[in-house]
Amino acid sequence: MGTPEGFAYRDERGTVAITHHGRPAGTLRGAAAARFLAAVARGDDQQLLMARVTGNYKHGNERRAREHPRNRGR
């Protein structure tokens, strides 16, 4: 699996708006926004954080999809 890319965020007075390739991907408010901004301040990987909070992170079916007969030759 590749590393997440294309995410950006804006801090709008207590609300964090997250975009993916320029399109809205999620909004964090309250405690969730505070946790996200604290993790960014700590120096955590911003792209990975944004992928996780928007739900674009490991859906759980990666292994099953790889083992499907249609994908075995890849």
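**Strands, helices and core**

I start at a glycine: G22 is exposed, with 66% relative accessible area. The scale here is a 1.4 Å probe on protein chains only, with buried meaning under 20% relative accessible area, exposed over 50%, and partly exposed in between. G22 sits in the loop between β2 and β3. Its C-alpha atom is 7.9 Å from that of A8, and the two residues are 14 apart along the chain.

Two remarks on how this was done. The model is predicted, so local features need pLDDT of at least 70 and side-chain atom pairs count only at pLDDT 80 or more, while totals for chains, interfaces and linings use all residues. Residues are numbered from 1 along each chain as its sequence is written, and side-chain values use heavy atoms, with hydrogens and water left out.

Now the strands. Helices (H or I, at least four residues) and strands (E, at least two) are DSSP runs, numbered from the N terminus. Two strands pair if DSSP finds at least two bridges between them. β1 and β2 run antiparallel and are joined by five bridges; F7 has H20 in β2 as its bridge partner. Their hairpin has three residues between the strands, and R13 there takes a positive phi near 50 degrees. β2 and β3 are also antiparallel, over six bridges, with T15 opposite R29 in β3.

What does helix α2 pack against? The buried residues of α2, which spans 46-54, are Q47, L49, M50, A51 and T54. They pack against β1 (7-11), β2 (15-20), β3 (23-29) and α1 (30-42). Contact means heavy atoms within 4.5 Å. Beyond its neighbours within four places in sequence, L49 is in contact with F36, A39, V40 and D44. At the N-terminal end, D45 caps α2, with a side-chain oxygen 3.4 Å from the backbone nitrogen of Q47. After the helix comes G55, whose phi is positive, near 90 degrees.

Next, the core. A nonpolar core is a set of buried Ala, Val, Leu, Ile, Met, Phe, Trp, Tyr and Cys residues joined through side-chain atoms within 4.5 Å. The largest one has 11 residues, among them F7, V16, I18, L28, L49 and M50. β2, α1 and α2 each give two or more residues to this core. The largest share, four residues, is from α1.

F36 is another member of that core, and is buried at 4% relative accessible area. There is one aromatic pair in the structure. The rings of Y9 and F36 have centres 5.2 Å apart and planes at 85 degrees, so the pair is edge-to-face. The rule pairs rings of Phe, Tyr and Trp (its six-membered ring) with centres within 6.5 Å; planes under 30 degrees apart are stacked, over 60 edge-to-face, and the rest tilted. Y9 is in strand β1 and F36 in helix α1, so the pair ties together parts 27 residues apart in sequence. Y9 is partly exposed, at 28%.

Last, charges. A salt bridge is a side-chain nitrogen of Lys or Arg within 4 Å of a carboxyl oxygen of Asp or Glu, and the count comes to two. E12 meets R10 at 2.8 Å, N to O. R42 meets D44 at 3.0 Å, N to O; R42 is exposed at 59%, whereas D44 is partly exposed at 30%.

Note on methods
Polar contact = N/O pair within 3.5 Å; in protein donor to acceptor, adjacent residues only side chain to side chain.
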